[in-house]
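Colleague: Before I use this model, I would like to know what the labels rest on. Please go through them.

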Amino acid sequence: MRQRTVVMYVEIGCFVSCLCGWVLNCSTLATEYWVISESASVVLSAGDYYSNLWMDCVADTTGVSDCKYFPSMMDLPVFLHVSRALAVVSVIFGFWGAVLALIGMKCTKIGGSELANARVTFAAALTYMASGFCGMIVYSWWGEKTRSEFVDPYFLELKFELGAALFIGWGGSCLLICGSAVMGYFSGRESFPKRFNKQPRKPPTYMTARTRRTYMLPGSSRPSRPTTVIIPPSHQSYSQSRGSRASGGRRGTQESHSVRPSLPPIDSAV
């Protein structure tokens with residue numbers, strides 16, 4: 001009972017961690033500051049340029065910002081298409097992970113048996129982990145692309161720096177991965193107990209109570225310690241049959257020697 005209570009509180013903590021990570025990942029989709037660039041070479045033309053998955057924005061020194069969506073979806077690079085797809089998949093996986101976790105956790109008591117709840121919770125952990133990895137791929141890809149363009153001396157276009165959304169996404173993805181890993185460990189132990197509680201296999205033996213015999217080996221260095229010799233059943237039966245035949249033969253010889261025919265005396269015959 002105590003172990004069940006500990007596992008229940010661990011599941012609640014992991015669920016809260018995964019839920020917070022999912023909320024952080026969702027907030028990055030609406031955040032405009034994925035990458036940012038500041039241009040202040042001339043005071044009159046100073047401004048901030050920033051963009052995200054959906055639009056490019058510019059803000060001047062007066063605080064007025066203007067955003068423009070990408071004009072054509074078919075004209076976008078493959079990098080942007082894949083990033084959008086992975087970000088949306090991360091959000092969808094996180095939603096279904098929350099639904100499965102609420103059904104399978106021990107504190108909700110919605111599912112059926114303990115084994116069924118543990119397996120549903122394990123499925124929720126896997127879904128959360130997929131959500132975290134999808135988000136981590138998106139934010140790491142954006143960060144690496146921004147860094148490589150910034151340090152490239154032959155890149156003549158406007159250079160950007162890492163925005164706040166990437167750091168929020170990294171934090172949310174780490175919460176998702178860590179929480180789902182711990183949840184999957186504890187729920188997996190209950191879902192598949194035979195794989196986690198492996199017992200060493202014993203080799204097969206033919207030894208029975210009849211085949212155990214204790215003998216004193218002659219000429220042993222330790223004559224006081226008995227030595228157990230295992231005799232196979234077939235050899236034991238053969239030895240017994242052979243011994244019985246030998247004893248029967250000796251018994252017959254003794255009887256033949258003891259019983260002799262009585263011959264009549266010579267005088268009486270004459």
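Modeller: Two strands pair if DSSP finds at least two bridges between them. Helices (H or I, at least four residues) and strands (E, at least two) are DSSP runs, numbered from the N terminus. The model is predicted: local features need pLDDT of at least 70, side-chain atom pairs count only at pLDDT 80 or more, and totals for chains, interfaces and linings use all residues. Residues are numbered from 1 along each chain as its sequence is written, and side-chain values use heavy atoms, with hydrogens and water left out.

Colleague: What makes β3 and strand β4 (residues 65-69) a pair?

Modeller: Five bridges join β3 to β4, against the required at least two, so they pair. The strands run antiparallel, and C57 has C67 in β4 as its bridge partner. Four residues lie between the strands in their hairpin, where G63 takes a positive phi near 95°.

Colleague: How do you know that strand β2 (residues 47-51) pairs with β3?

Modeller: β2 and β3 share five bridges in the antiparallel sense, which meets the cut-off, so the two strands pair. A hairpin of three residues joins β2 to β3.

Colleague: Why is M8 called buried?

Modeller: Buried means under 20% relative accessible area, exposed over 50%, partly exposed in between (1.4 Å probe, protein chains only). M8 has 17%, so it is buried. M8 lies in helix α1 (residues 2-30). Leaving out residues up to four places away in sequence, M8 touches K106 and C107, where contact means heavy atoms within 4.5 Å.
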